[in-house]
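Hi,

Here's the structure I promised to pass on.

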Amino acid sequence: MGIVEEAHNLKVVGSGEQIIVLAHGFGTDQSLWKHLVPHLVDDYRVILFDNMGAGTTNPEYFDFERYSNLEGYAYDVLAILEELQVQSCIFVGHSVSAMIGAIASITRPDLFSKLISINGSPRYLNDVDYYGGFEQEELDQLFEAMGSNYKAWCSGFAPLAVGGDMDSVAVQEFSRTLFNMRPDIALSVAQTIFQVDLRQILCHVTVPCHILQSIKDLAVPVVVSEYLHQNLGGESIVEVMTSDGHLPQLSSPDIVVPVLLRHIRYNIVT
């Protein structure tokens, strides 16, 4: 087993000519896709992996400097595609991984036939003429809470992010994967994500992009999906789903899985 394979817990399942890469967001791991994968394995080769820093990865591999910006994660994606000799893929990125995929596609557009973004955002902070959803003071409080008592923060953040019932299976699942992260790594990753500003690079993303967004999401307001649509450099399409929360593929699979399958099969550019 190679270092890339081992570090990211790489898994390839299914059979088919077309390759789909599933990339999870902050506080989760590849188990996030458990409701989607069974619908793909008959027709596609599916690549699953864990982002560095996820609770399922070896914390010794986490380089704080490398992952202080999203380029470090984008280079990981390209290394995974190289390791598996992938020449073209459909990249499905949730949350921060939507932007990680976008960065990777700027470097190697030939490797991506399309990007599918689920609740992705180029910037979480509000700015002049831009609504990201957060003020700096709110983020500072979030980081302080994470630093002072990580377990308590996880218990409070998970139901807010997932939405819906506090005792739901989805909330329990997100709490588990969130709490699996080493607290100092989780704080560093959160600071990198929440303070990112990728608005200037969107025009360089030329790969077709399908932008999927929950109607209600604590982390990403619906207007962000329209901002992406207006500012991406290539063809794009937006679909706002009736799902609630930032992890809809976990909390509302009945709504989200059919939408995802439709966008995987449908091409904007033929």
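The second largest cavity has a volume of about 90 Å³. A cavity here is a set of points on a 1 Å grid over the protein atoms alone where a 1.4 Å probe fits but cannot get out, and lining residues have an atom within 4 Å of a point. Points are joined across faces, edges and corners, and the volume is the space filled by probe spheres set on them.

This is a predicted model, so local features need pLDDT of at least 70 and side-chain atom pairs 80 or more, while totals for chains, interfaces and linings use all residues. Numbering starts from 1 along each chain as its sequence is written, and side-chain values use heavy atoms, without hydrogens or water.

Back to that cavity: 15 residues line it, with Gly 25, Phe 26, Asn 51, Met 52 and Val 189 nearest its centre. Nine of the lining residues are nonpolar, six polar and none charged. (Ala, Val, Leu, Ile, Met, Phe, Trp, Tyr, Cys and Pro count as nonpolar, Asp, Glu, Lys and Arg as charged, and the others, Gly among them, as polar.)

The largest cavity comes to about 130 Å³. Of its 13 lining residues, Phe 26, Ser 95, Phe 157, Phe 194 and His 246 are the closest to the centre. This lining has ten nonpolar, three polar and no charged residues.

One last thing: in helix 8 (residues 222–231), Val 224, Ser 225 and Leu 228 are buried, meaning under 20% relative accessible area with a 1.4 Å probe, protein chains only. Helices are DSSP runs of H or I, at least four residues, numbered from the N terminus.

Cheers

Conventions:
Buried < 20%, exposed > 50% of the residue type's maximum accessible area, 1.4 Å probe, protein only. Helix = DSSP H or I, 4+ residues; strand = E, 2+ residues; numbered from the N terminus. 1 Å grid on protein atoms, 1.4 Å probe; cavity = no way out; pocket = protein on both sides within 12 Å on 5 of 7 lines; lining within 4 Å.
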